[in-house]
Amino acid sequence: MANLNELSATAVVAAISSGDCSAEDVTRACLARIDARDEEVGAFEYLDPAYAVEQAKVLDNGPIRGPLHGVPIGVKDIMDTFDMPTGWGFEPYSGRTAERDAGAVALCRQAGAVILGKTVSSEFAAFYPRKTRNPHNIEHTPGVSSMGAAAGAADFMFPVGFGTQTGGSIIRPAACCGVIGYKPTFDDLPLDGVMVLGQILDTLGFLTRDLRDCTLMRAALLGDSPDIDMRAANDPPRIAFVRTRYWEDADPTVHALIEGSIAALAAAGAAVDEPEMPKGFNDLSDAHATIMPVGSAQARAYEYETYRDELSEVFREHVERGRATDYADYARAVALARSCRADLDPLFDRYDVFVTLSAPGEAVKGVFPTGGSMFNRFWTLLHVPLVHLPVSTGPQGLPVGFQLVGRHGADRNLLSTAQWILDRLT
Amino acid sequence: MIAAGDVSAEDVTRSCLDRISARENGVQAFQFIDPELVLNQARVLDLGPATGVLHGLPLGVKDIIETIDMPTGWGSEIYDGRMTGRDAACVALCRAAGAVILGKTVSSEFAAYSPGKTRNPHDTGRTTGASSMGSAAGVADFMFPIGFGSQTASSIIRPAAHCGTVGYKATTGTFSLDGVMELCHSLDTLGFLTREIGDISLMRAALLGDSVDAPVRDSTAAPRVALVRTKHWPEAEEITRDVVEGVVAKLTDAGAIVEEPELPEGFDGLTEAHATIMPFEASRGRGFEYREHRDGLTDVFRAFMEEGQATAFEDYVAAQDLAVRCRTGVDKLFETYDLFVTPSAVGEAIELGGLTGNPMFSRLWTLLHLPLINLPAATSPQGLPVGIQLVGRHGADNKLLSDAQWVRDRLS
């Protein structure tokens, strides 16, 4: 058996239920890895090792509680936990404790998870990073905003971390750190107790190393089946290759990677096409750039009034852009998104999945800025489910991969297609 | 009047407090009110310049919305008296616009179905409907001009109908729900209880930066109206059916074209779809309370959660899929019609002692994410208000407001 901290959540559950190890063993293995690495990586905003072990011991002393029995989970610092502080990545809120669990956290506990600690979020899950570094090279960014969850999952500190996405906050850190990132269909998972940033954009999701862990989490949170529906080897998906208008902004490494992957999938039997995208599609990133600041300006109104001088410059400017946006422009952007959603959906009658870029290249060097989210924002606005697949390593030794886009509400199909694709490329 | 110097913010606030003091014992609109705290806010406003669009306006804030200086109890004994340490976004924006936060208005438990303490100001032996009960009763009883409400099924429209106020539920997603308790993430929507349609524009200006002036209809022609009885029509009381038909007759006389269009395929399943989605999502959002405070839940809410826990995921997905399809179909109908007219509630407010009445006439519209308005339309022989519900196109809230004003002008 691999080191216990390297197991997927699915493997952890199997190992514990078959008696190969205890929840405490798994938690201790994760804590040992964190102890060895987190001073460099900085994935955790809050961690109390003794308390994590205590949770695991309670689980070991009882019956199998649910589909996540004994799985250590990293919780993004914008999600409430009754027993740990929730600081929203914002210094004045550091150490603040909500008196309850976010709905998703409570459901994970109910399913037997160990809530390991709080993972670092950028300031208000937006642009300004905090301490986390890329575990593959600490001079590079791990991407924002679910930075602690991505780095911790990549560095084998835990099998599953919660992330949230409003622009590119799950997919881009997943791409930078080389893990699977899954942003479900908008409105799929409960946001109770999760900080609001963009009312019509925010989506809860996961950073993992194994696609099956995404279905496992869906089982705990939604009562969906924990198994991935395996697509038969002789049932290749119909793929739409979508370069987007930002294609030229990406570097040759990811161009070559995605074109090579597409060729390999075609060789494995997948039908590949480059369809024309719906009218208005090219304006969606601008629409997102109009909508997101307005949502943030609303959601952070209290902080803007109360802590203006303590906001990062980039976030303050973002909020002020939102405040200055003409409401009619905002309403037009929202209407465009809605009509594009309706126009996009029929394309999924012809394709199982879209294959597109996750990021313009490998993780950029330095702490800030953290790279562009142009390949993520418009998909988030379309409310469709997204998966980042790590596939290879670039010339700087950092992970590269690509993004899969599924039909609204058809997350299970997306995950099974993603598994089919991953199996053909690795 | 404050801007003109006729009265001060303190005068307005004192007059609301006087009314509350005289009437609160019978109506019980407030979960929390501290008159000194309120007067201090008004005095501070009077000392400064009138900069915001709500300068000096006293607001009632539903108890599921966070306030830095008042407890936020979510209508549950579990959280009675709890302070959360910040203002919800909508409250912060109102304060920045000069509003006086008067107090916290009663919400039913977790903004769901259990009855709260508020009584109907028109007959204190009757319910207000749930859940924005304190805001509806307080506005109806002249305790404050505007109250925040939220709707997941019928929580703005039904209390508005039963108390005889204007009720506005925005297009879903219009307002940030930061600091607002989540009941069902795909359904929850913020809105207002008011006595004037124009006050809705004032609130939209404060929260969205939208125009402070009431929107003007872009046509001099009468609106094209779809009468949508829904499959629940036979379950409506005679008074409701009479009022809706009476309104339609008046609008027709005023030149409106009124038709009863064919509704999209699947439309009749929407109420059941909502009834599947709501407990499913609520049981997940309230997962912590169910796990840690089960004894603090009422039997009604606990049973509601258990219904959600027992709902199969496939049924939930099927219900959401139906909603997605019907939204597209209903969007198309708005190419032909300006607004829909439909009942707001089964009948007049029911007597206290049981639950608060049936939400059936609003469930499907909430699920469709459309903007809704209750207009008080008549008074029953028993002296209770009866309303009608107006439904607008997704995102076209201002158009709905202007059409609603046109309708209201024809009813008076």
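Me: A salt bridge is a side-chain nitrogen of Lys or Arg within 4 Å of a carboxyl oxygen of Asp or Glu. How many salt bridges does the rule find across the interface of chain B and chain A?
Reply: The model is predicted. In it, the side chains of Arg100(A) and Glu289(B) meet in a salt bridge, with N to O at 2.5 Å. Across the interface of chain B and chain A, the rule finds 5 salt bridges.

Me: Which helix supplies the largest share of the side of chain B that touches chain A?
Reply: The contact takes 42 residues from chain B and 38 residues from chain A. Across this interface, 16 residue pairs are in polar contact. Helices H3, H6, H8, H9 and H11 of chain B each supply at least two residues of the side that touches chain A. The largest share, 6 residues, comes from H11(B).

Me: Which strands stand at the edges of the sheet in chain B?
Reply: In chain B, 11 strands form an open sheet with mixed pairing, in the order E1-E3-E2-E4-E6-E5-E10-E11-E9-E7-E8. An edge strand here has a single partner strand, so one side of it is left without a neighbour in the sheet. The strands in that position are E1 (30–33) and E8 (257–259) of chain B.

Me: Which residue is the bridge partner of Ala226(B) in E9(B)?
Reply: Strand E7 (residues 224–227) of chain B runs parallel to strand E9 (residues 339–343) of chain B, and 3 bridges join them. In E9(B), the bridge partner of Ala226(B) is Phe340(B).

Notes. Residues numbered from 1 in each chain as written. Chains lettered and ligands numbered in written order. Predicted model: local features only at pLDDT ≥ 70, side-chain atom pairs only at ≥ 80, totals over all residues. Heavy atoms only, no water. Contact = heavy atoms within 4.5 Å. Polar contact = N/O pair within 3.5 Å; in protein donor to acceptor, adjacent residues only side chain to side chain. Helix = DSSP H or I, 4+ residues; strand = E, 2+ residues; numbered from the N terminus. Pairing = 2+ DSSP bridges.
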